[in-house]
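Work through the exercises below with the structure in view. Try each task before reading its solution.

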Amino acid sequence: TVSYTYLDEEWPNFFRSFQGKATYVWNGTDAEFWNPDSLCLSTLPRRDRRKKILEEHGLEDGYFFFNVGRLDVAQKGIDILLQAFVKIMQGEVAGAERVRDKLRLVLLGSGDPHLESEARRLESCYPGHMKAILQYLGRETTRENYGAADFCIIPSNFEPFGLVQLEAMCMGCIPIGTRVGGINDTVISIEDDLEQSTGLLVPRRDPVALAH
């Protein structure tokens with residue numbers, strides 16, 4: 001498999017029947033492409049890039065949370081992300097009042113028609129806080145968003161490996177993901193190691209934990 005956590009969590013009974021005959025080899029990503037020096041706005045400080053990209057999305061500057069990929073319930077957990085967003089905006093979690101006025105969520109991708117409809121609905125409910133771009137615009141556009149966003153949200157329910165967390169980290173965008181599969185293997189959570197951390201990991205299928 002492509003991650004040891006996936007090997008252990010998704011196929012334990014199967015692979016334990018073949019002890020010593022199953023292993024994992026991590027995926028990788030192209031660090032030459034996912035490189036901040038390749039950004040169109042590479043000469044600008046990150047804060048200025050953030051402000052400019054958010055303006056292109058029709059949003060004022062704020063805390064930029066980014067999600068890219070397939071809008072999917074079973075694997076990608078986008079329903080959990082949208083529930084977490086609503087909980088913050090409605091003040092249903094402790095500390096929400098500190099961030100919701102400056103919260104900016106950008107979704108880039110397409111998929112489940114119900115999720116697309118729900119994303120459009122929330123965009124209309126919170127026009128200054130959310131932008132749903134329900135199409136794929138190419139790797140270069142994704143790179144510009146990674147290079148401007150503060151955080152990349154990866155709320156997968158399961159993930160054999162996942163490339164988003166690697167792409168985000170290459171671009172200096174902090175991943176907030178679930179403790180599953182390759183995300184768990186490649187992101188060091190601040191709760192586990194304050195000095196060496198590269199992001200934050202939360203339980204899967206838990207919108208309250210993600211909102212916090």
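**Exercise 1: the chain as a whole**

Of the 212 residues in the protein chain of this predicted model, 47% are buried, where buried means under 20% relative accessible area.

Task: State how many helices and strands the protein chain has, and find why the chain counts as being as compact as a globular protein of its length.

Solution. Step one: the elements are ten helices and six strands. Step two: the radius of gyration of the chain is 17 Å, and the globule rule gives 17 Å for 212 residues; the two values are close, so the chain is as compact as a globular protein of that length. Step three: among contacts with a separation of 6 or more, 66% join residues 24 or more positions apart.

**Exercise 2: the largest pocket**

Task: Describe the space in the largest pocket and the residues of its lining.

Solution. Step one: the largest pocket holds about 490 Å³ of space. Step two: 23 residues line it, and F65, I88, L210, A211 and H212 are the closest to its centre. Step three: sorted by class, the lining has 20 nonpolar residues, two polar and one charged. Step four: α4 gives the largest share of this lining, four residues.

**Exercise 3: the second largest pocket**

Task: Describe the second largest pocket by its space and its lining.

Solution. Step one: its space is about 200 Å³. Step two: among its 15 lining residues, V68, G69, K76, E159 and V164 lie nearest the centre. Step three: β1, β4 and α8 (164–170) each supply at least two lining residues. Step four: the classes are seven nonpolar, five polar and three charged.

Definitions and conventions. Residues numbered from 1 in each chain as written. Predicted model: local features only at pLDDT ≥ 70, side-chain atom pairs only at ≥ 80, totals over all residues. Heavy atoms only, no water. 1 Å grid on protein atoms, 1.4 Å probe; cavity = no way out; pocket = protein on both sides within 12 Å on 5 of 7 lines; lining within 4 Å. Points joined across faces, edges and corners; volume = space filled by probe spheres on them. Nonpolar A, V, L, I, M, F, W, Y, C, P; charged D, E, K, R; others polar. Rg over C-alpha atoms; globule rule 2.2 N^0.38 Å. Buried < 20%, exposed > 50% of the residue type's maximum accessible area, 1.4 Å probe, protein only. Contact = heavy atoms within 4.5 Å.
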